[in-house]
Amino acid sequence: MKIKYLGTAAAEGWPALFCECEACRKARELGGRNVRTRSQAVIDDRLLLDFPPDTYLHVLKEGLHLGSVKTLLITHSHQDHFYPLDLLLRGNPYAHNPVAGILDLYGNDAVKLLYNRALAEENDGNNLTGIEQYHEVHAMDEFDTSDGYHITALAAAHKVNENCLLYRIEKEGKCLFYANDTGWYPEATWEKLKGRHIDLVSMDCTAGKGYCESYHMGIENNRQVKERLFQMGCANKQTKFVITHFSHNANLTHEELQQEADKYGFLVAYDGFELEI
Ligand SMILES: [Zn+2]
Ligand SMILES: [Zn+2]
Ligand SMILES: [Zn+2]
């Protein structure tokens, strides 16, 4: 299984859209891995995780063919994870012959509401029947995608009025746990994680160094997640731990983040970061 991080920032991007803080100034000056777009990842070039407003930029930068993407898993309705208007462009006359056929979208009820609203209000009569299919997912649901991935939806601790989701993705004996945006996982999520070895844990690190009280995590929370996964037997020395979804308020360059992460054996994701499990 191959995972590629297309975007690794929190909602505002880094440098942030309107920001003149020191961290954003530095990111503009240094460029490279310090420039982070809104969070998104792709598995094996065909399963997409989240659909931020930077999706089009990711297509251009990484040479992606979104017409080949068969499955789209959405974590929650925050605008840095779901920008439904661009999904209207998969139908005629905006797109011809997407090779994957129907795109299967999976997400919670809040995401479904935004998707349906976009279809109803902005669609201009464009008919997406037979082009896209929305599947409503609840935490703890397990399902198989038509292209052979076994998915487990898990509960995040993120928005008070929405059942935000994390995803465990399995194929051919490999297992990825994609877990942002979230604070400390609810007990039901820990329970559901039991009994399955994870090859790659992708963790929320919005706060950067230190501890984040709620809704997100920092490196200290990540350390505790790693410790518990080891205790539960879900992770071992072969498991890769990646941190992602950084806010400019973390105020560390990529290099400084990596120095901090090295203390705990974490890899720091950056836009374009790719690894195989
Ligand atoms: Zn986010
Ligand atoms: Zn800033
Ligand atoms: Zn969020």
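## Exercise 1: A histidine in a loop

His-81 is found in the loop between strand S4 (71-73) and strand S5 (103-107). The structure is a predicted model.

**Task.** Determine whether His-81 is buried or exposed, and identify the side chains joined to His-81 by polar contacts of 2.7 Å and 2.9 Å.

**Solution.** 
- Step 1. The relative accessible area of His-81 is 0%, so this residue is buried.
- Step 2. The polar contact of 2.7 Å runs between the side chains of His-81 and Asp-50.
- Step 3. The polar contact of 2.9 Å joins the side chain of His-81 to that of Asp-181.
- Step 4. Neighbours within four places in sequence being left aside, the residues in contact with His-81 include Ser-39, Phe-51, Pro-52, Asn-180 and His-245.

## Exercise 2: Peptide bonds and backbone angles

**Task.** State where Asp-181 lies and which residue a cis peptide bond joins to Asp-181. Then examine Pro-93, Asn-97 and Asn-251.

**Solution.** 
- Step 1. Asp-181 belongs to the loop between S10 and H4. The peptide bond between Asn-180 and Asp-181 is cis, with omega about -5 degrees.
- Step 2. A cis peptide bond also leads from Asn-92 to Pro-93, with omega near 0 degrees. Pro-93 is placed in the loop between S4 and S5.
- Step 3. Asn-97 lies in the loop between S4 and S5. Its phi is positive, about 55 degrees, although Asn-97 is not a glycine. With a relative accessibility of 69%, Asn-97 is exposed.
- Step 4. Asn-251, in the loop between S12 and H6, has a positive phi near 55 degrees and is likewise a residue other than glycine. Asn-251 is partly exposed, at 44% relative accessibility.

## Exercise 3: The nonpolar cores

**Task.** Describe the largest nonpolar core: how many residues does it hold, and which of them touch the most other members?

**Solution.** 
- Step 1. As background, nonpolar side chains tend to be buried together in soluble globular proteins.
- Step 2. The largest nonpolar core has 36 residues, and those touching the most other members are Trp-14, Phe-177, Tyr-185, Ile-198, Met-203, Leu-229 and Ile-243.
- Step 3. Among the elements that give two or more residues to this core are helix H1 (22-30), strand S10 (174-179), helix H4 (187-193), helix H5 (219-231) and strand S12 (240-244).
- Step 4. Apart from this core lies another, of 26 residues, among them Ala-41, Tyr-106, Ile-169 and Tyr-270.
- Step 5. To return to Ile-243: not counting residues up to four places away in sequence, Ile-243 touches residues including Met-203, Ile-219, Phe-266 and Val-268.

## Exercise 4: Aromatic rings

**Task.** Classify the ring pair of Phe-177 and Tyr-185 and that of Trp-184 and Trp-190.

**Solution.** 
- Step 1. The count of aromatic pairs comes to 10.
- Step 2. The ring centres of Phe-177 and Tyr-185 are 5.5 Å apart; because their planes stand at 75 degrees, the pair is edge-to-face. Both of these residues, Phe-177 and Tyr-185, are buried.
- Step 3. For Trp-184 and Trp-190, the centres are 5.0 Å apart and the planes lie at 45 degrees, so this pair is tilted.
- Step 4. Trp-184 is partly exposed, with a relative accessible area of 34%, whereas Trp-190 is buried, at 1%.
- Step 5. Ring pairs link Phe-177, Trp-184, Tyr-185 and Trp-190 into a cluster.
- Step 6. Charged side chains also meet rings. Arg-33 lies over the face of Tyr-270, 3.9 Å from the ring centre, and Lys-171 lies over the face of Tyr-149, 4.4 Å from the ring centre.

Methods:
Residues numbered from 1 in each chain as written. Chains lettered and ligands numbered in written order. Predicted model: local features only at pLDDT ≥ 70, side-chain atom pairs only at ≥ 80, totals over all residues. Heavy atoms only, no water. Helix = DSSP H or I, 4+ residues; strand = E, 2+ residues; numbered from the N terminus. Buried < 20%, exposed > 50% of the residue type's maximum accessible area, 1.4 Å probe, protein only. Polar contact = N/O pair within 3.5 Å; in protein donor to acceptor, adjacent residues only side chain to side chain. Contact = heavy atoms within 4.5 Å. Core = buried A, V, L, I, M, F, W, Y, C linked by side-chain atoms within 4.5 Å. Phe/Tyr/Trp six-rings, centres within 6.5 Å; stacked < 30°, edge-to-face > 60°. Lys NZ or Arg CZ within 6 Å of the ring centre and 35° of its normal.
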